[in-house]
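Here is a set of exercises to work through with the sequence and the 3D view side by side. Try each task yourself before you read its solution.

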Amino acid sequence: MILAIETSDILCSIAFWEKGRSLLEYNLELAQQHATLVGSLTGQGLTFLSAPERLKKYSADDIELVAVSIGPGSFTGLRIGLSFAQGFCSAKNLPVAGISNHQILAAQRLKMDGAVFTIIEARRNEVYFASHKIISDAYTQIDEHKIVNKNELAEIVPTGAQLIFSKDLHLSGEVRSALSANNIIVIDNARFTSNFLAGLAQSKIEIEGPDKLADLEPLYIRPFAGAM
């Protein structure tokens, strides 16, 4: 079973997966509550999955892998998720898979082939911009990661490519018009949820293997200067 932890934004998302399917997922939008929610939702999930009335029961001993988002996103939220994952894995001697939020976005692409780019809010009218190498239908690797100005997106993203971002990221009408004029496919309703995270972690383990627990850090370019 996979325990997946996504805490990069206001949404605190916890999922339990087994054999490519979701057993249970929690998604709660409570600002500044991640430190409490991660542990409590994990505990509630394990209690539910081990209930006597279930035909197949699960316990913490059935968890074989922990997946955790590594951003970019809220620095504080990411630290909370990473700290919980590292503590849980250390206590139970489990492997961990860190998944970038760019990869979560790329997993929600409409076409399985062709160029894929993802953007995440970086403030100051800038975004974290990533290009992807498609490894399989379920998994991509980040080719390049940098900060770019939102007004430059239409010049950077090639014609016909897919540009994916969440509904919370704002692009001006001028930028959207320029993207449309270049026939760039805009997918602006992607979500950062633990279900996508769990599926990507399963693919990562098969393709790349686990991460080193002590080396796992949030994915950032700009030095941290306070919570996003």
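The exercises below go from the sheet to the helices, the cores and the cysteines.

This is a predicted model, in which local features need pLDDT of at least 70 and side-chain atom pairs count only at pLDDT 80 or more, while totals for chains, interfaces and linings use all residues. Residues are numbered from 1 along each chain as its sequence is written, and side-chain values use heavy atoms, with hydrogens and water left out.

**Exercise 1. Work out the strand order of the open sheet and find the strands at its edges.**

Step 1. Begin with the terms: strands (E, at least two residues) and helices (H or I, at least four) are DSSP runs, numbered from the N terminus. Two strands pair if DSSP finds at least two bridges between them.

Step 2. Read across the five strands, and the order is β3-β2-β1-β4-β5, with mixed pairing.

Step 3. The edges are β3 (21-29) and β5 (96-99); each has a single partner strand, so one side of each lacks a neighbour in the sheet.

Step 4. From one strand to the next, the twist averages 15°. Angles run from 0 to 180 degrees between N-to-C directions, and axes are lines fitted to C-alpha atoms, for helices over the stretch in contact.

**Exercise 2. Describe how neighbouring strands are joined, and in which directions they run.**

Step 1. β1 and β2 run antiparallel and are joined by five bridges. Look for isoleucine 2, which stands opposite tryptophan 17 in β2. These two strands make a hairpin with four residues between them.

Step 2. β2 and β3 also run antiparallel, with eight bridges joining them. Phenylalanine 16 has leucine 24 in β3 as its bridge partner. Two residues lie between the strands of this hairpin, and lysine 19 in the turn has a positive phi of about 50°.

Step 3. β4 (residues 65-69) and β5 run parallel, joined by four bridges. Valine 68 has glycine 98 in β5 as its bridge partner.

**Exercise 3. Decide whether the residues of β2 are buried or exposed.**

Step 1. Buried means under 20% relative accessible area, exposed over 50%, and partly exposed in between (1.4 Å probe, protein chains only).

Step 2. In a regular strand, side chains alternate between the two faces of the sheet. On one side of β2 are Leu11, Ser13, Ala15 and Trp17, and on the other are Cys12, Ile14, Phe16 and Glu18; all are buried.

Step 3. Eight of the eight residues of β2 are buried, so the strand is largely enclosed by the rest of the structure.

Step 4. For contrast, turn to threonine 36, which lies in helix α1. Threonine 36 counts as exposed because its relative accessibility is 52%.

**Exercise 4. Find what helix α2 packs against, and which of its residues are buried.**

Step 1. Helix α2 (residues 75-92) packs on the sheet, where it touches β1, β4 and β5, and its direction makes about 165° with that of β4. Contact here means heavy atoms within 4.5 Å.

Step 2. The buried residues are Phe75, Gly77, Leu78, Gly81, Leu82, Ala85, Phe88 and Cys89. They pack against β1, α1, β4, β5 and α3 (101-106).

Step 3. Just after α2, asparagine 93 takes a positive phi of about 55°.

**Exercise 5. Locate the largest nonpolar core and say which elements supply it.**

Step 1. A nonpolar core is a set of buried Ala, Val, Leu, Ile, Met, Phe, Trp, Tyr and Cys residues joined through side-chain atoms within 4.5 Å.

Step 2. The largest one has 26 residues, and those with the most contacts inside it are Met1, Leu3, Ile5, Phe16, Ile63 and Val66. At least two residues come from each of β1, β2, β3, α1, β4 and α2. The largest share, five residues, is from α1.

Step 3. Another core lies apart from it, with 24 residues, among them Ala15, Ile120, Tyr128 and Ala190.

**Exercise 6. Explain why cysteine 12 is too far from the closest cysteine sulfur for a bond.**

Step 1. A disulfide is a pair of cysteine sulfur atoms within 2.5 Å.

Step 2. The closest cysteine sulfur to that of cysteine 12 is in cysteine 89, 16 Å away, which is too far for a bond.

Step 3. Cysteine 12 counts as buried, at 0% relative accessibility, and cysteine 89 is buried with a relative accessible area of 1%. The structure holds zero disulfides.
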